[in-house]
Amino acid sequence: MIARIATPFIKPSSPEELRRYDLLLAGFDLLDQAIAVFDATPKLVTWNKALLRLLDFPEDLVRVGTPFEEFLRFNFQRGEYGSGDVERLIAERMASVRAFQPHSAERTRPNGQVLAIRGVPIPNLGFVSLWTDITEQRRYERLIESQNAELETRVRARTAELEAATARLDALAGQLSRSEERLRLIMDAIPALIAYVDAGERYRFANRGYTEWFGFDRDAIVGRSIEEVFGAEAYAQIKPYLDQAATGEQVSYEYSRTNAAGKQVYARSAVVPEASVAGGVQGYFVLSIDITEQKASQAALIQAQKMEAVGQLTGGLAHDFNNLLTIITGNLATLQDKLPAHQGYEDYLAPALSAARRGTELIRRLLTFSRQQPLEPSPVEVGALVHGMTQLLSRSLTERIAIHLELPTEKLYALVDPHQLENALLNLAINARDAMPEGGELRIAVARRHVSASLALLVEVPAGEYVQFDVSDTGTGIPPELLPRLFEPFFTTKAFGTGSGLGLAMVYGFIRQSGGNIRILSTPGKGTNVRFIVPMTAAPAARPVAPPPETIDLAAESRLVLLVEDEPEVRKVIRQQLTELGFPVIEAANGFEARAMLEAVEDIALLVSDTVMPAMGGRELAAAARSLRPTLPILLITGYATGDAPPGTPDIPTLRKPFDRAALAAAIRGAVAPFAPSEPTAP
């Protein structure tokens, strides 16, 4: 032991000092930690036996005066520090050592041993290094997660063990205290709410997650009853389950409560009774999980499913209504053409036709909100768009809400997707409606807005000209502390289950994606104002509109048209329109009949088919017709929101119902044009 004393240190001069020094070194050798003392050079001064045992240094290396650099080099050579430029890495580590700063680190050796390393400087003399083997500690930490799944079984086993070990508690008090502290650290680190309640329903233990979820300090919750912690309303929800657990049965349940911030939160709990040796239940282990976000996601999914179902229902209803409107408008238009003018019939026919066309426009707007499509920005005359939405908004709001529009006298054009803009305004109007359960006033104002360079930095948009929208209500308003969260997905001020929290988030995303910005001002009890701006653009270039031809000359002689429609009344109207355009017509009620006619009648020069029919639809019929006659012009008609061409046949146009004779003529011209013979060129 004396051989470890370096010359710079004073050797013990008396037997008593030598004895104390030997005892000191012997005590160091009994430690599990490896200790080494280096002088300021730095060179090894003294060490204990654990240094050789933990670090596997050869005895001839561990001697008084060995430079610290030799230990580094030895470790590099046996791969302790990985690969790299050895000299550079040694120089970097030596520079760090000579700084004489306290430090701590953790290193995993190639053999898997994990060492915790700590360096403590000795002012003006050197430093002490300590190495602790924490391999087992790290292994225990890795086992924690897998052991959580076995919590219930282990709790029962632990209960039996604790009862059997009662006689040994006094002797193991210190060890159990340390074990309890480690267990508390583990419990606090687990992302779950864990507690123990005695038979009198009073808390005896709660981990950090549990106390924070209920808004208590750790010491404040112990000793309180479940009813005090939960509150009367939430306690009433779980009381039947606690009564069931009191019989010794494990129970699981969900409950909700209002936290200190006024937010409704949800949890799922499992209660495991702890059996008493004397019989009965002496306490309960509680494991809970916060499922608030999961509930919000479920509500959003349900809302999305509802919207999808509404979209599908709207599409189906639109198909049926469009068929009805096709019959109505077709017959009214024909009647208008055939009745003599100036005899008063126009006073009856014109309003009927106008009402039918408004019905068509209403169906189109309903379908706009059931479609999912990417942004397609284009110049939109916002005054006309907002004015055109009045009818739809009036149907969406209650009769007790008055709608006031403040539209500009000049035409303002915004570069936005018109359907998404309508959707955003509808979302804001519905939010305003929900904020005015007793009725009130909804104001929509549109104006030009110039954003200066200084203001542009504040509102996070480029400087320039914008169109400004103000949607204001006289409703209940929004508390100031909630305003910063309004655009968060799944956040809603409405009662749980009555809103997904996605409406404002979608509006915000659309406006920002369109190059604008939005802000909300609200005063509780006085109402809310939502203001957003979108980029203004120039009016679109005017397109010359040629009057549609009443007749179409497909060739020198009239061509035969095959009309396929499963609704007899709709087929009758379309046949009449085709006849008035000068086409001879043959009819089929379904796709199978039409395909048989295509195979048998060579004179068919044009196929006009409904898209949705029983058994064989229009798209399948078009594909079959194209395989039979590659140059046959085909026109599909549909009453649904979309009508894509059959796969592999992009040249097949689709005409949406209802339509008049002029629209039918234009659609036929577009279908026939790609197959029309080209004009002969002069030699």
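Here is a friendly talk about how some features of this predicted model get their names.

User: What makes strand 18 and strand 20 a pair?

Analyst: Two strands count as paired when at least two bridges are found between them. Strand 18 (residues 560-564) and strand 20 (residues 604-610) have 5 bridges in the parallel sense, so they meet that definition. Leu560, for one, stands opposite Ile604 in strand 20.

User: Which strands are called edge strands in the sheet they belong to, and why?

Analyst: The sheet is open and has 5 strands in the order 19-18-20-21-22, with parallel pairing. Strand 19 (585-588) and strand 22 (654-656) each pair on one side only, and they are the edge strands. On average, neighbouring strands of this sheet are turned by 20 degrees against each other, direction ignored.

User: How do you know that helix 21 packs on this sheet, and which strands does it touch?

Analyst: Contact means heavy atoms within 4.5 Å. Helix 21 (residues 618-628) touches strand 18, strand 20 and strand 21 (634-638). Its direction makes about 175 degrees with that of strand 21.

User: What makes one face of helix 19 the buried one?

Analyst: Buried means under 20% relative accessible area. In helix 19, the residues that qualify are Val570, Arg571, Val573, Ile574, Gln577 and Leu578. Seen down the helix axis, these buried residues fall within an arc of 165 degrees, so they line one face. In general, residues three or four places apart in an α-helix point the same way, because there are 3.6 residues a turn.

User: How does the span of helix 19 compare with the expected one?

Analyst: Helix 19 (residues 568-580) has 13 residues and reaches 18 Å from its first C-alpha to its last, close to the 18 Å expected at 1.5 Å a residue. Just after this helix, Gly582 takes a positive phi of about 100 degrees.

User: Which residues touch the most other members of the largest nonpolar core?

Analyst: Of its 36 residues, they are Val382, Leu421, Leu425, Leu442, Val467, Phe469 and Phe532. Helix 16 (418-434) is among the elements that give two or more residues to this core, and the largest share, 7 residues, comes from helix 16. Phe469 touches residues including Val382, Leu421, Leu425 and Phe532.

User: Why do strand 13 and strand 17 count as paired?

Analyst: At least two bridges are needed. Strand 13 and strand 17 have 2 bridges in the antiparallel sense, so the pair qualifies. In strand 17, Met536 is the bridge partner of Ala414. Strand 13 is also joined to strand 11 (residues 378-381) by 4 bridges, and these two run antiparallel.

Note on methods. Residues numbered from 1 in each chain as written. Predicted model: local features only at pLDDT ≥ 70, side-chain atom pairs only at ≥ 80, totals over all residues. Heavy atoms only, no water. Axes fitted to C-alpha atoms, helices over the stretch in contact; angles between N-to-C directions. Expected span 1.5 Å × (residues − 1). Buried < 20%, exposed > 50% of the residue type's maximum accessible area, 1.4 Å probe, protein only. Arc of directions from axis to C-beta. Core = buried A, V, L, I, M, F, W, Y, C linked by side-chain atoms within 4.5 Å.
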